[in-house]
Amino acid sequence: MEILKFNGICKYFGDVKALDNISFGVKKGEWVSIMGPSGSGKSTLVNILSLMDSPTKGEFLLGGDDASSLNEAQILEFRRKKIGLVFQQFHLIPYLNAIENVMLNQYYHSCVDEKSAKSALERVGLAHRLAHRPSELSGGEQQRLCIARALINEPDIIIADEPTGNLDEANEAVILELFKGLRAEGKSLILVTHNEELGKYADKIVRLRHGKLDKIEVLNEI
Ligand code: ADP
């Protein structure tokens with residue numbers, strides 16, 4: 001069953017067709033890579049998928065419900081409970097340490113729980129960095145902290161936008177292993193990347209070109 005579905009999604013900014021008639025679905029436990037050159041519409045697509053923006057035209061289904069029928073409160077609830085976001089620019093709070101950054105996301109979701117925040121950080125290999133602030137962490141560690149933060153509320157869907165864009169190969173390999181583990185747990189993963197090596201671990205690659213769907217490559221039928 002598809003937990004997210006785009007049917008003929010378009011997004012226009014004036015004359016610019018950032019997305020033009022895009023259709024694809026994401027199933028439970030499926031890893032979908034979104035690939036395409038700069039300016040092909042990837043960020044616009046992520047903004048719509050994560051309910052930060054709405055399409056100009058087309059239908060966006062969330063678990064069978066039309067996203068356009070949700071009110072503000074329902075959109076907020078969906079974003080907090082169902083989606084975990086991982087960005088290339090980490091968006092960590094500089095004056096909070098690692099465990100506090102994770103707990104802040106718990107706070108917005110429901111209530112804080114230091115024990116589970118600690119175990120989320122252990123899971124990404126940061127047990128020895130709980131009291132470090134972002135500036136005291138390496139790039140790879142900051143990205144792992146972002147993943148712990150995204151996972152803390154047990155989202156069904158992880159959306160990662162160029163998560164290894166600034167990282168070296170060793171750190172990229174660590175992130176790749178984490179993503180493989182998430183898929184094995186039945187999470188759906190949407191990964192935006194320029195990196196063909198990383199992208200090909202997907203079950204499906206959605207390729208964009210000038211805002212249009214170039215092709216969908218199915219690598220592994222779910
Ligand atoms: P990508 O993430 O693949 O680099 P984007 O989704 O950022 O591509 O952009 C797709 C196209 O839409 C580009 O031509 C970009 O200039 C345009 N675009 C994106 N956001 C806006 C905006 N807010 N206003 C005007 N044009 C935009």
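## A tour from the ligand outward

Start by selecting the ligand together with the residues around it: Phe13, Val16, Ala18, Pro37, Ser38, Gly39, Ser40, Gly41, Lys42, Ser43 and Thr44. Keep in mind that this is a predicted model.

Colour this shell by residue class. Four of its residues are nonpolar, six are polar and one is charged. Next, colour by secondary structure. Strand S2 (16-27) and helix H1 (42-49) each supply at least two residues of the shell. Which element gives the most to the shell? Helix H1 does, with three residues.

Now show distances from the oxygen atoms of the ligand. Select Thr44, where a polar side-chain atom lies 2.6 Å from a ligand oxygen. Move to Gly41 and look at the backbone: an N or O atom there is 3.0 Å from an oxygen atom of the ligand. At Ser40, a polar backbone atom is 3.1 Å from a ligand oxygen. Taken on its own, the ligand has 560 Å² of accessible area, and the protein covers 57% of this.

Follow the chain past H1 and select Ser50, in the loop between H1 and strand S4 (57-62). Is Ser50 buried or exposed? Ser50 counts as buried, because its relative accessibility is 1%, and the cut-off for buried is under 20%. A polar atom of the Ser50 side chain lies 2.7 Å from the backbone oxygen of Val46.

The next stops are salt bridges. How many does the structure hold? There are 16 salt bridges in the structure.

Begin with Glu2 and Lys5, whose side chains meet in a salt bridge with an N to O distance of 3.7 Å. Glu2 is partly exposed at 29% relative accessibility, and Lys5 is partly exposed at 25%.

Then select Asp20 and Lys212, which form a salt bridge at 3.1 Å, N to O. Asp20 lies in strand S2 and Lys212 in strand S10 (residues 212-218), so this pair ties together parts that are 192 residues apart in sequence. Asp20 counts as buried at 15% relative accessibility, whereas Lys212 is partly exposed at 47%.

Go on to Glu141 and Arg129, another pair of side chains that meet in a salt bridge, at 3.1 Å from N to O. Glu141 belongs to helix H5 (residues 139-151), and Arg129 sits in the loop between H4 and H5, so the pair ties together parts that are twelve residues apart in sequence. Glu141 is buried, with a relative accessible area of 10%; Arg129 is partly exposed, with 23%.

For the last stop, turn to the surface and select Tyr107, Tyr108 and Val112. They form a nonpolar patch there, and together they have about 350 Å² of accessible area. Zoom in on Val112, found in the loop between helix H3 (98-109) and helix H4 (114-123). How does Val112 count, given a relative accessible area of 45%? Val112 is partly exposed, because the class of exposed residues starts over 50% and that of buried residues lies under 20%.

Technical notes. Residues are numbered from 1 along each chain as its sequence is written. This is a predicted model: local features need pLDDT of at least 70, side-chain atom pairs count only at pLDDT 80 or more; totals for chains, interfaces and linings use all residues. Side-chain values use heavy atoms; hydrogens and water are left out. Patches are made of residues with over 30% relative accessible area and no salt bridge: like charges are joined within 9 Å, nonpolar side chains (Val, Leu, Ile, Met, Phe, Trp, Tyr) within 5 Å. Accessible areas come from the Shrake-Rupley method with a 1.4 Å probe; for residues, only the protein chains shown count as cover. A salt bridge is a side-chain nitrogen of Lys or Arg within 4 Å of a carboxyl oxygen of Asp or Glu. Helices (H or I, at least four residues) and strands (E, at least two) are DSSP runs, numbered from the N terminus. Buried means under 20% relative accessible area, exposed over 50%, partly exposed in between (1.4 Å probe, protein chains only). A residue is near a molecule or strand if one of its heavy atoms lies within 4 Å of it. A polar contact is a pair of N or O atoms within 3.5 Å; within protein, one must be able to donate a hydrogen and the other to accept it, and residues adjacent in sequence count only if both atoms are side-chain atoms. Ala, Val, Leu, Ile, Met, Phe, Trp, Tyr, Cys and Pro count as nonpolar, Asp, Glu, Lys and Arg as charged, and the others, Gly among them, as polar.
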